[in-house]
There are 2 protein chains.
Amino acid sequence: MADSRSPRSEGLGASSPAPAVTRAAAVLEALAASPSGRLTLSDLSRELGIPKSSTSNLLLALEEARLITRQGADFALGRKLVELGAAYLSRLDEVQEFYKYCEQAPTLSGETVRIAMLDGDHVIYLARYEGHPAVRLTSNIGDKMPVSLCSVGKALIAQLHDHDIDSMFPDGMELPTMTANSLKSAEELKAQISVIRQRGYAFEDEESTVGVVCLAVPVPTHGAHGPSLGLSVTALKATYSEEQGALMVKELKELARSLGNPMG
Amino acid sequence: MADSRSPRSEGLGASSPAPAVTRAAAVLEALAASPSGRLTLSDLSRELGIPKSSTSNLLLALEEARLITRQGADFALGRKLVELGAAYLSRLDEVQEFYKYCEQAPTLSGETVRIAMLDGDHVIYLARYEGHPAVRLTSNIGDKMPVSLCSVGKALIAQLHDHDIDSMFPDGMELPTMTANSLKSAEELKAQISVIRQRGYAFEDEESTVGVVCLAVPVPTHGAHGPSLGLSVTALKATYSEEQGALMVKELKELARSLGNPMG
DNA sequence: GAGTAGTGTTCAGTAGATTGAACACTCTAA
DNA sequence: TTAGAGTGTTCAATCTACTGAACACTACTC
């Protein structure tokens, strides 16, 4: 499985059925990962282990497709990516239904609700309903978060099999933290997962932002293709109450159930 | 300029420095353009004029990069595109500043404001501030609109040189329409552009949605690289007044000026 | 069941994309 | 001015990714 037939495949993974495409994708990811969002041809060539001349060809082709743009000597992600990302989201019927439901739900309609999707050991926010303008979130649509740091993330991995969780978070692994309340170790995470499974929903108590609590539930996938989705509500800890939480979880679960059933 | 050196380049444009990449980009665009968002290998092969075996290779590479996903026999855009699109937007400082300004602006903070970017003869919405939840827009972030159908679009092309406008909209050209008020011909559009230049802002009177009016201004680019951006406010015609409009234009212009000056 | 129209996959040969060394250029420093 | 360290570009040779025809498969239709 790991015999590198191609003598060239070192920097990137094993040989690809269309190496130029794989490399182009690597270029896009490198640009997305770069702190400034801008890299020169030489930067990319060095970082990805692709010869300069080849990198130049890739960049020209990517630029022509508007997947990247030239800014002086630097290259940055291109506007076409916004279009493509939007096209992806517009096809996710769940997102449309999510908005409709939130608007008419008795409790949720006044809260900040989000729908997110699992992507490896991170969560990506797909859409946000803001019924409560006072709670301005720092996270935007498309942002990524480590699963251990948010309620949706925990709700989503709680659905995985134990051995998958173990391979993602081997015992002894340290987790990224953002506040004093953040889970610090794989063990803590796994302990909380069993509580989440018992209760049927996930929670977050100032683990990513001080003063903010979250509740989340997974959307049942019933074995369909497509990503695993999750829903979360965010509230200020100062004004949060147990009763309110129970109401929100009830509505979240109802929405999750209806999103899980394609029939509505 | 148009001598096709490569014997192969027929379906797609002239020969590319990295054909596989250009083709992969075409695949992504085809999927984005497809009404259902799902196409089979054979569909793509036929539509793009790429041999099936090559298409298969492209799709495998794209799938590995998560730029597309397999759904049974169909292929669809992949979740990685959401991440990349979000990465693009997060690097546009203008978007961040846009939110901040809207929140504290006296008039705009209570309205629905959007920031958009010019992309050929269309406009792409980058972000939306919703200070007035009663006006729910059908357009989402990333959506495209023909320039002639929205105020931002008109504000942005009003900045172009006349000969560029003429080549985009040659006399006699029919424009896409959405309501009875939509501009119907290139001549009507050009007439309105000269009014827009005179007034310094663009307007839209139920041209895309009945009952809705819009005002828009361009963000000055002072020759920098990067896309041309525009700002718009949306209001219900029923509650709209001239005085309110004047206030909103004033604030839009102030925001546009500050976005145009990287110094803040 | 045989026939047809669709799917995607396989594989050896060849057309052509990829390559690296040399080049042209722009800075900054001495 | 000259040197040096950086940038991106060029081009012919080579090695490989692409191709097309044949194949295997599924799903209907008759």
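Student: Which residue forms a salt bridge with A:Lys190?

Tutor: This is a predicted model, in which local features need pLDDT of at least 70, side-chain atom pairs count only at pLDDT 80 or more, and totals for chains, interfaces and linings use all residues. Residues are numbered from 1 along each chain as written, chains are lettered from A and ligands numbered from 1 in written order, and side-chain values use heavy atoms, without hydrogens and water. A salt bridge puts a side-chain nitrogen of Lys or Arg within 4 Å of a carboxyl oxygen of Asp or Glu. Here the closest N and O atoms are 2.9 Å apart, and the partner of A:Lys190 is A:Asp171.

Student: Is A:Asp171 buried or exposed?

Tutor: Buried means under 20% relative accessible area, exposed over 50%, partly exposed in between (1.4 Å probe, protein chains only). A:Asp171 has 57% relative accessibility, so A:Asp171 counts as exposed.

Student: What does the salt bridge between B:Glu29 and A:Lys80 join?

Tutor: Their N to O distance is 3.4 Å.

Student: Is A:Lys80 buried or exposed?

Tutor: The relative accessible area of A:Lys80 is 8%. That value makes A:Lys80 buried.

Student: How many salt bridges are there over all chains?

Tutor: One of the pairs is B:Arg70 with B:Glu63, at 3.2 Å. A:Glu29, B:Lys80 and B:Glu83 are linked in a network. Over all chains, the count of salt bridges is 22.
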